[in-house]
Amino acid sequence: MNVLITGATSGIGKQLAMDYAKAGHHVVACGRNKEALQALEQEFPDTIAGQQLDITHADETLQNLRPYTDLDVVILSAGVCEYVDIDHFEADMFARVFNVNVVGTMRCVEALLPNLKAGSKLVIVGSTARLLPFTKAEAYGGSKAAIHYITRSLQVDLAPRGIKVLSVSPGFVETPMTSQNDFEMPMQVTPEFASASIRKGIEKNTLDITFPRTFGWFLKFSSRLPQSWQVALSRRFSK
Ligand SMILES: NC(=O)c1ccc[n+]([C@@H]2O[C@H](COP(=O)([O-])OP(=O)(O)OC[C@H]3O[C@@H](n4cnc5c(N)ncnc54)[C@H](OP(=O)(O)O)[C@@H]3O)[C@@H](O)[C@H]2O)c1
C-alpha cells in the first residue's frame, strides 16, 4: 500500500509511519521538522520518503501534496493543542489552533482529494476531547468537534465516489503533545497502542475509530447525560 501521513515527525503519526514501513508499505511522511523526517528516511530507506510541509501554508500544501497521485491511505494526524487561560482570554490562540487542526487539515484534503479514487481511505485524526466540555479545552476541543463534524459530512459526500472516510478519536496518548499536561490523564495509552488501534480500524473500515475502548464508552455515555450533569462532571475533572 501507499500511505501518506501528516504529523509523521512525532507521536501518533510517527508511530504509524514506522509501523506501516516495518510492514513493507510505502510511506510519505509529512511534517515541518526536517531532522525528524531525515531520521525516518535513514531508518527506513526503502519504505519512507519525507515531505517537508507546513499545513498552514496554502500554496506549499497544495504544491507539495498534489503530486502524490497513487495513494491507498491518507492519514491526517498533524495537530496542535493549546489551553485557554480564562484570566487572559486570547482569541488569537483560537486562530492558531483552528488554523492547524481544522483549516490546515482541510488544506491537505483540498490538495489530495482529486487524487483519491474508489477504494482509497481518508483518515482524519480528531480527539475524544470533542465529547465533553473539558476545562481549558475551548479551543482544542472546539477544533476537534469541528473536525469530527467535517469528517462525518465527508463520509456522506465521498460515499458515492467509493472513498472511505474514517474518523479517529484517541483518548490520552503518551506523546510530546500530552507531556505538557499537568493533570491526571486516565487510561493513557502508548503510541504503539494508538497505532495498532488506528491500523486495525483502517483495515476494517471502521467509520468511528475510538480508543481506548472503555474510555471512549465512558465519554460517549457522559456526552448523552443532561448538560448540567456534564458541567458538574467536567468540574470534577478540573480539580
Ligand atoms: N496525544 C494525545 O493524547 C492525543 C489525544 C487525542 C487526539 N490527539 C491528536 O492526535 C494527533 C497527533 O497528536 P500527537 O499526540 O502525536 O502530537 P505530537 O507528538 O505533538 O505531534 C504533532 C504532529 O503535528 C505536526 N504539526 C503540527 N503543526 C503542524 C503544521 N503547521 N504543519 C505540519 N505539521 C504540523 C508536527 O510536526 P512538525 O512539528 O514536524 O511540523 C507533529 O508531527 C493530533 O491531531 C492530536 O490532536 C492526540
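Me: Which residue has a polar backbone atom 2.8 Å from an oxygen atom of the ligand?
Reply: This is a predicted model, in which local features need pLDDT of at least 70, side-chain atom pairs count only at pLDDT 80 or more, and totals for chains, interfaces and linings use all residues. Residues are numbered from 1 along each chain as its sequence is written, and side-chain values use heavy atoms, with hydrogens and water left out. The residue with a polar backbone atom 2.8 Å from a ligand oxygen is Ile12.

Me: Which residues come nearest to the ligand?
Reply: A residue is near a molecule or strand if one of its heavy atoms lies within 4 Å of it. There are 31 residues around the ligand, and those that come nearest are Ser10, Arg32, Tyr140, Val173 and Thr175.

Me: Where does α4 bend?
Reply: Helices (H or I, at least four residues) and strands (E, at least two) are DSSP runs, numbered from the N terminus. Helix α4 covers residues 91-112 and reaches 30 Å from its first C-alpha to its last, close to the expected 32 Å; the expected span is 1.5 Å times one less than the number of residues. A bend is the angle between axes fitted to the seven residues ending at a residue and the seven starting there. In α4 the bend is about 45°, at Asn99.

Me: Which elements are included in what covers the buried residues of α5?
Reply: Buried means under 20% relative accessible area, exposed over 50%, and partly exposed in between (1.4 Å probe, protein chains only). The buried residues of α5 include Tyr140, Lys144, His148 and Leu158. Contact means heavy atoms within 4.5 Å. The cover of the buried residues of α5 includes α4, β5 and β6.

Me: Is Ser169 buried or exposed?
Reply: Ser169 sits in strand β6, residues 164-170. Beyond its neighbours within four places in sequence, Ser169 is in contact with residues including His148, Asp208 and Phe211. Its side chain makes a polar contact with the side chain of Arg130 at 3.1 Å. Because its relative accessibility is 1%, Ser169 counts as buried.

Me: What is omega for the cis peptide bond that joins Phe211 and Pro212?
Reply: Most peptide bonds are trans. Pro212 is in the loop between β7 (208-211) and α7 (213-222). The bond joining Phe211 and Pro212 is cis, with omega about -10°.

Me: What is the phi of Lys136?
Reply: Most residues other than glycine have a negative phi. Lys136 is in the loop between β5 and α5 and counts as partly exposed, at 45% relative accessibility. Its phi is positive, near 65°.

Me: What relative accessible area does Asn205 have?
Reply: Asn205 lies in the loop between α6 (191-203) and β7. Although Asn205 is not a glycine, its phi is positive, about 55°. Asn205 is partly exposed, with a relative accessible area of 28%.

How values were computed:
Polar contact = N/O pair within 3.5 Å; in protein donor to acceptor, adjacent residues only side chain to side chain.
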